Amino acid sequence: MYIMELRKPEVTAMPTYTLGCQRQISAANYIYYADGCPHPDRIMQEHDFVYMINGEWEILQNEVPFTAMNDDVFILHAGQHHSGNKNCTPGTRTIYFHISCSPQDSFGSNAPFPGSTLPPLIHCSSFPRVKLLFQELISVRLSPSPNKDRKINALFDLLLLELQDSCAQNSHTQDTLLTQAITLTAQNPQKFYKTADMALILGVCPKTLNQRFREAYAKTFYQYQMEEKIHLVQQFLLDYPDSKLQTVALNFGFYDEFHLNKIFKKHTGTPPGLYRKTLTANTLRPH
């Protein structure tokens with residue numbers, strides 16, 4: 001196993017994780033902190049990726065504090081000093097995995113190989129795929145699949161790219177119109193907004209609304225809304241494995257179970273019932 005040399009990077013430098021490398025996950029699971037506790041004081045030989053399902057936690061990397069909340073991701077880089085002076089809030093839930101380094105991982109902007117340059121803390125509330133990829137990595141690691149290692153490496157590369165996209169969006173000036181449209185759809189998951197109705201609410205024409213979404217996401221407002229709903233349904237099916245599909249349909253604005261089945265299969269290739277059965281069979285759920 002490659003061990004990243006312990007050194008304190010320049011203040012402005014960020015590690016680059018090389019894509020396409022062969023890596024191994026040594027530990028991965030869900031964690032529930034009933035009473036709260038500080039982060040362990042340690043220097044790891046592996047990268048530690050932590051997804052905050054809920055709660056608040058301050059972790060120090062090389063004595064620099066970073067505070068994460070719901071849907072944030074910590075990336076604790078190998079060879080760096082990690083510690084905590086404060087307990088996470090009671091009831092905090094996380095998903096984590098420890099993954100091996102590559103000799104090609106490097107600090108700074110002059111990385112010799114293509115990869116994702118990522119900061120220690122990333123806000124991912126607008127990127128629900130990040131959580132799904134964390135969950136997939138846990139599920140695959142626990143599975144008996146003969147292709148486990150290949151799947152893990154593919155999923156990790158996808159996660160790096162999704163995190164990179166999240167950083168890119170967070171660094172851009174927020175478009176107020178987009179923010180309002182996205183917030184309304186997120187706050188009302190039981191509704192399907194027609195483009196004309198959303199445009200009327202925001203005081204613009206439908207063409208303008210779609211143009212803004214195409215510029216930011218390369219898709220129309222309706223396409224964006226539908227994809228986000230499919231991601232929400234996927235998560236709900238995992239979180240509530242005994243729920244009736246009719247209830248799921250009503251929760252997310254579909255006309256009925258038939259409508260949900262048709263749209264879900266069109267976007268994922270799998271009916272929702274089969275999707276849930278397949279994934280929950282190998283997913284370790286926290287208690």
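The model is predicted. Helices α3 and α5 cross at roughly 95 degrees. Strand β1 is covered on both faces. The whole structure holds 0 disulfides.

**Helix packing**
- Two packed helices are described by the angle between their axes and the distance between the axes.
- Helix α3 spans residues 176-187, and helix α5 spans residues 206-217.
- Their axes come within 10 Å.
- An angle of 65 to 115 degrees counts as roughly perpendicular, and α3 and α5 therefore fall in that class.
- From α3, the contact takes in L177, L178, A181 and I182.
- From α5, T208, L209, R212, F213, A216 and Y217 meet them.
- By residue class, this contact of α3 with α5 divides into 8 nonpolar, 1 polar and 1 charged.

**Strand β1**
- Strand β1 covers residues 15-18.
- P15 and Y17 lie on one side and are buried.
- β1 runs antiparallel to strand β11 (residues 115-117), and 3 bridges join the two.
- Within this pairing, T18 stands opposite G115 of β11.

**Cysteines**
- A disulfide is a covalent bond between the sulfur atoms of two cysteines.
- C124 is in no disulfide, and its nearest cysteine sulfur belongs to C167, 7.3 Å away.
- A disulfide needs the sulfur atoms within 2.5 Å, so the 7.3 Å between C167 and C124 is too far for a bond.
- C124 is buried, at a relative accessible area of 1%.

How values were computed
Residues numbered from 1 in each chain as written. Predicted model: local features only at pLDDT ≥ 70, side-chain atom pairs only at ≥ 80, totals over all residues. Heavy atoms only, no water. Axes fitted to C-alpha atoms, helices over the stretch in contact; angles between N-to-C directions. Helix = DSSP H or I, 4+ residues; strand = E, 2+ residues; numbered from the N terminus. Parallel < 35°, antiparallel > 145°, perpendicular 65-115°, else oblique. Contact = heavy atoms within 4.5 Å. Nonpolar A, V, L, I, M, F, W, Y, C, P; charged D, E, K, R; others polar. Buried < 20%, exposed > 50% of the residue type's maximum accessible area, 1.4 Å probe, protein only. Pairing = 2+ DSSP bridges.
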